[in-house]
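Colleague: I'm new to this one, and I'd like to learn how to read its features. Could you walk me through a few?

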Amino acid sequence: MTKVLVSLLTMLLSSSLVTSQTFAAGSGSYHSSSSGSAERLYNQGVKLMMDKKFSKAEKKFRSAIRKDSKLAEAHNNLAYTLRKQGSENYKTALTHYNKAIYLDSKLPEPYMYRGVLYVQMGDKQRALEDHQTLVEMGSPLATELEYVVKNGREKTPEQFFGVSNKL
């Protein structure tokens, strides 16, 4: 059973990487004088996040953003790690999801997990608006957000559908 779950998670993460590369316009044209440093910090944060070391990942994403404040994926993943650390971080997480969307409105991941955050904050209407945006984008993340809206919770075990992968 564990091998099946690991295989399924590997397939989903692989397809998520393809999806995020397709929709994340900034990933292919990542230009900054400090891009190598920001990218390195970002990728370290992704590894920590996938290992569920959210506090350490948060620090890496914050450092990456200090190097390149226009890195939408870093804002998305920073928001994710903040959200995972508790409701006292929801307001700041929402700010970073909004910033990620502002920087790259075609990136589906922040819509997915901003919708999850809205559900957690009791704002189902806004979650449904993010769901509709994902449907219009043709993103497979729409199905995942729909599950959260209907069930009032994320799937278990934890799955990383709406996080931006390594650059």
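Predicted model: local features only at pLDDT ≥ 70, side-chain atom pairs only at ≥ 80, totals over all residues.

Colleague: How do I read buried here?

Modeller: Buried means under 20% relative accessible area. Tyr-42 and Phe-61 are both buried too.

Colleague: What angle do the rings of Phe-54 and Tyr-80 make, and what is that kind of pair called?

Modeller: The general idea is that planes over 60 degrees apart count as edge-to-face. For Phe-54 and Tyr-80 the planes are at 65 degrees, with the ring centres 6.0 Å apart, so this pair is edge-to-face. The pair also links distant parts of the chain, since Phe-54 is in helix α4 and Tyr-80 in helix α5 (residues 72-84), 26 residues apart.

Colleague: Which residues do ring pairs link into a cluster?

Modeller: Phe-54, Tyr-80 and Tyr-113.

Colleague: And how many aromatic pairs are there by this rule?

Modeller: The count is three. One of them joins Tyr-42 and Phe-61: the centres are 5.7 Å apart and the planes at 55 degrees, so that pair is tilted. Tyr-42 belongs to helix α3 (residues 35-50) and Phe-61 to helix α4 (residues 54-67), so the pair ties together parts 19 residues apart in sequence.

Colleague: Helix α4 keeps coming up. How should I read a helix like that?

Modeller: Here's the general idea: an α-helix has 3.6 residues a turn, so residues three or four places apart point the same way. Now the case: the buried residues of α4 are Phe-54, Ala-57, Glu-58, Phe-61, Ala-64 and Ile-65. They cover an arc of only 125 degrees around the axis, which puts them on the same side of α4.

Colleague: What is exposed on the other side of α4?

Modeller: Lys-56, Lys-59 and Arg-66. As for length, α4 has 14 residues and reaches 20 Å from first C-alpha to last, close to the 20 Å expected at 1.5 Å a residue.

Colleague: Let's finish with Arg-153. Where is its place?

Modeller: Arg-153 is in the segment after α9 (141-151). With a relative accessible area of 42%, Arg-153 is partly exposed, because that term covers values between the 20% and 50% cut-offs.

Colleague: Which side chain does Arg-153 join through a polar contact of 3.2 Å?

Modeller: The side chain of Tyr-147. Lys-155 comes in here as well: its charged end sits over the ring of Tyr-147, 5.3 Å from the centre of that ring.

Note on methods: Residues numbered from 1 in each chain as written. Heavy atoms only, no water. Helix = DSSP H or I, 4+ residues; strand = E, 2+ residues; numbered from the N terminus. Buried < 20%, exposed > 50% of the residue type's maximum accessible area, 1.4 Å probe, protein only. Polar contact = N/O pair within 3.5 Å; in protein donor to acceptor, adjacent residues only side chain to side chain. Phe/Tyr/Trp six-rings, centres within 6.5 Å; stacked < 30°, edge-to-face > 60°. Lys NZ or Arg CZ within 6 Å of the ring centre and 35° of its normal. Expected span 1.5 Å × (residues − 1). Arc of directions from axis to C-beta.
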